[in-house]
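Subject: Structure handover and findings

Dear colleague,

I am passing on the structure below, together with some notes on what was found in it. Please have it open while you read.

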Amino acid sequence: MLKPIITMRGMYKRFPGVLANDNIDMDIYPGEIHALLGENGSGKSTLMCVLSGLYKPDGGTICVEGEEKRFRSPRDAIACGIGMVHQHFKLVEPFSVAENIAMSGQHGSFMLSTEKMTADIAELGDKYGLAIKPEASVWQLSVGEKQRVEIVRMLYHGSRVLILDEPTAVLTPQEAAEMFKTLRKMAADGCAIVFITHKLNEVYELADRVTVLRGGRVTGVLGRNELDTKKLVWMMVGRDVVSQYERGVMPEGRPVLEVQKAVAFNDMGMYGLKDLSLTINEGEIFGIAGVAGNGQRELAEVITGLRRVADGTIRLYDEDVTNSRPADMIARGVSYVPEDRLGVGLVPELSVLENLLLKSYQQPEFSGRWLLDSKAIKERAAKLVKEYKVKVSSLDQPVKMLSGGHLQRLLLAREIAEKPKLMVVVYPARGLDVGATEAVHRLLLDLKAEKTAVLLISEDLDEIMKLADRVGVLYNGRLVGEFPVEEADIERIGLLMAGSGTEGGEADAYQI
Amino acid sequence: MRIRFEKRLAPSPLMTVAVPVVSVILALLFCAAFLALTGRHPFELYFAMLEGALGSAYGLSETTVKAIPLMLCGLGISLAFRMQLWNIGAEGQFYLGAFAATWVPLTFPDLPVFIMLPMMLLLGMAAGALWALGPAYLKVKWRVNEIITTLMLNYVGILLVNYFVYGPWRDPKGFNFPLTAEFPPAALLPTFGGSRIHVGLLLALALVVLFIVIFRNSRWGYEIKVIGSSERAARYAGMDIKRNMLLVMALSGAVCGLAGMTEVSGIAGRLQPGLSPGYGYTAIIVAWLARLNPVAIVLVAGMFGVLQVGGYIVQTFGVPASMVAMIQGAVLFFVIGGEMFANYRVVFPNSKGAEKADE
Ligand SMILES: Nc1ncnc2c1ncn2[C@@H]1O[C@H](COP(=O)(O)OP(=O)(O)OP(=O)(O)O)[C@@H](O)[C@H]1O
Ligand SMILES: [Mg+2]
């Protein structure tokens with residue numbers, strides 16, 4: 001029998017107001033891919049931050065190969081071969097890839113030998129199929145590339161235990177598939193890999209063993225051949241989760257949003273949207289499928305007034321609102337759940353209370369001409385937090401301390417409270433656990449029932465098929481296919497997403 | 001045993017008060033060591049400073065007089081800093097305020113007081129606002145870094161005043177000194193009793209109240225906070241960032257301009273070079289030490305007033321005036337170092353491995 005490389009016993013970690021880890025035991029074996037599952041806020045990231053030396057535990061012991069260790073910083077953990085890639089990357093943008101990799105190490109002399117490092121990094125990358133350019137500056141990299149840099153960084157410092165916190169949340173399906181290959185190779189070489197995820201299909205595809213957390217405790221450990229969806233879901237959320245919703249009849253409302261031949265540029269000054277047209281009716285959910293980076297952000301921003309269209313028109317309830325200011329669009333009842341929750345949708349440093357006020361601080365219920373009505377604001381915030389079950393320790397807590405899933409709930413609570421006519425949601429379930437995903441989906445269906453038009457931009461085809469009434473495929477800034485959901489066929493949508501099956505699809509690629 | 005630091009959920013309220021106080025004491029002890037090295041009795045000196053600055057009606061009056069421009073400039077600066085606009089140009093805005101205010105009595109010496117003073121006030125504030133609006137406009141339009149532009153405009157402002165005082169505005173009856181003519185009585189700010197404390201103090205206190213209301217409880221204060229924390233979120237929420245940047249910088253400059261106006265009209269009674277011994281710069285330290293809190297700005301400005309006046313007093317003991325600069329520097333150093341204790345708490349691990357937090 002193999003000996004575990006890591007044994008954690010009785011781990012406790014308390015944050016002001018919450019017990020994030022409550023007496024957790026966990027074993028990690030060399031050569032295994034170990035999935036860590038659990039609801040939002042169940043303490044997965046916390047546990048792994050403790051293991052990687054970022055947080056200090058309030059109790060419990062960590063043994064590496066049977067020897068008890070106390071980590072004072074991530075550096076100590078790295079020295080024991082434990083490396084973690086965080087949910088939010090920790091790279092220094094203006095520095096080069098090689099410099100970033102060098103930074104977290106402690107071996108080597110005072111002077112860095114750049115050539116040797118560059119060569120070593122390239123070699124490591126080759127070995128595991130992680131294509132990175134050591135000379136490139138980090139700010140030039142895509143999200144997927146940044147993640148590869150993080151992984152190579154950990155390998156470079158000799159990690160034998162690699163922890164990945166929701167690694168696929170930000171990747172395109174192709175990038176995710178690439179990464180899985182790499183992880184398998186690493187496990188075959190004897191590395192232990194812990195990866196946190198909310199996607200059960202990834203667990204089935206990859207995991208040798210699964211540990212499930214709920215409310216800071218372990219609710220189960222399953223081996224690969226014991227995996228069972230129902231069991232896993234029960235361990236995670238303590239109840240069944242519905243996988244199919246009542247969609248209701250196809251609505252016959254009047255058009256809410258009409259986009260006609262919209263052309264817009266992306267941040268790099270290239271075409272983001274090309275002649276895109278779509279219409280959404282009252283009470284309809286229009287799903288936009290597509291691989292991230294094909295114009296999703298531009299589409300959402302054009303509709304919410306955050307980005308100008310260079311050509312084309314946007315109409316809301318038959319009124320021309322082309323290139324209106326964001327404030328006008330908000331006033332007209334357009335709500336928006338952006339891809340970037342922390343930093344765009346929510347202000348990290350400000351409190352829960354202040355964040356809930358973001359869209360309504362000018363409304364007469366909450367403010368006069370000059371002054372805010374703090375009592376009314378507090379009452380509503382307390383009500384929203386309760387109604388949408390956002391887990392906060394106080395209304396004055398800065399939102400950056402909330403777990404990923406509760407951030408999203410908070411954001412949705414605020415946007416839905418505006419009683420929108422049109423709701424634009426981008427990747428609503430990204431990073432959410434199965435229970436929270438279901439809750440979010442129900443909220444969107446409730447909106448639909450109230451005749452709100454919903455534009456659902458998602459990279460998860462299942463989600464779109466479950467919720468949407470009509471599906472459009474976004475490829476290269478164009479809508480390359482549009483079907484009622486009954487006629488939509490996953491196979492065909494997949495092809496369209498990949499850019500085949502359209503006339504001129506290939507030729508377009510050169511224009512970008 | 002190893003002591004470690006753990007971040008607090010929110011800065012501890014007790015610590016936010018205790019830390020600056022303790023830091024100031026430590027800074028004074030630190031400087032005392034240097035003073036002792038030069039063979040003086042530091043505590044005698046400190047006592048003399050205190051006594052000189054606060055122990056007599058004259059001392060109190062002088063201390064307040066020095067504190068007023070620091071309060072006003074500190075308040076002005078804090079407004080911009082709250083929105084992460086780094087207005088380093090208080091000194092220039094101060095001079096411009098004084099300059100524009102001076103124009104009124106020099107051009108219309110016979111105006112009655114109830115027209116003269118309001119006009120000086122308005123022009124002074126407008127000039128300060130304009131001086132700050134330039135950099136703000138450049139920032140909004142082309143993202144020019146406001147730190148550089150406001151800083152450089154300080155020198156332009158100071159030299160502009162010098163030019164006028166040495167040139168066109170020089171008092172013909174002034175024996176060739178670089179001074180403008182004395183202001184007529186109608187252009188002088190009223191003072192309290194026989195002291196030199198002028199109504200600028202009341203203006204500063206009124207601004208404190210106004211700022212408290214703005215930051216605590218106003219729509220606009222909320223916008224400033226959001227924009228200062230995350231511009232992208234502010235844009236998403238439909239806030240007009242450019243307009244607010246211009247507005248905040250203009251107001252920040254106006255308050256600094258007001259400081260210049262009250263100084264020239266309440267203290268100097270004429271425009272002269274060196275009207276400010278660097279109030280605009282010291283006020284940056286004041287605003288920062290006060291953590292941009294309006295009430296704290298008044299207190300810190302008062303403390304700096306004491307240092308300044310005390311410094312003059314101890315010069316009669318043969319201590320160089322630069323001692324004041326040393327103490328100011330030490331205070332800043334210790335307070336910033338001490339901030340850590342407000343944001344983190346110290347944790348002492350005990351022998352059993354579990355750890356106890358010390359509040
Ligand atoms: N730095 C922190 N300060 C205070 N509370 C925290 C901090 N980090 C996490 N928490 C709290 O601890 C709990 C566990 O959070 P954690 O981030 O470990 O959850 P998670 O399982 O990773 O969730 P998610 O799937 O949403 O990422 C949450 O209630 C969270 O609000
Ligand atoms: Mg997490």
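In the hairpin of β1(A) and β2(A), where two residues lie between the strands, G17(A) takes a positive phi near 95°. Strands here (E, at least two residues) and helices (H or I, at least four residues) are DSSP runs numbered from the N terminus, and two strands count as paired if DSSP finds at least two bridges between them.

Please keep in mind that this is a predicted model, in which local features need pLDDT of at least 70 and side-chain atom pairs count only at pLDDT 80 or more, while totals for chains, interfaces and linings use all residues. Residues are numbered from 1 along each chain as its sequence is written, chains are lettered from A and ligands numbered from 1 in the order in which they are written, and side-chain values use heavy atoms, with hydrogens and water left out.

Further along chain A, six strands form an open sheet of mixed pairing, in the order β16-β17-β18-β13-β19-β20. Because β16 (334–337) and β20 (478–484) of chain A stand at the edges with a single partner strand each, one side of each is left without a neighbour in the sheet. From one strand to the next the twist averages 15°. At one end of that order, β19 (residues 470–475) of chain A pairs with β20(A) in the antiparallel sense over six bridges, and V473(A) has G481(A) as its bridge partner in β20(A).

As for the two chains, 42 residues of chain A are in contact (heavy atoms within 4.5 Å) with 26 residues of chain B. The area buried between them, meaning the accessible area (1.4 Å probe) lost on being put together and summed over both, is about 2900 Å², of which carbon and sulfur atoms give 56%. Across this interface there are two salt bridges (a side-chain nitrogen of Lys or Arg within 4 Å of a carboxyl oxygen of Asp or Glu); E354(A) forms a salt bridge with K225(B), their closest N and O atoms being 2.4 Å apart. The elements that give two or more residues to the side of chain A that touches chain B are α10 (326–331) and α13 (404–417) of chain A.

Methods
Buried area is the accessible area (1.4 Å probe) that two parts lose on being put together, summed over both. Axes are lines fitted to C-alpha atoms, for helices over the stretch in contact, and angles run from 0 to 180 degrees between N-to-C directions.
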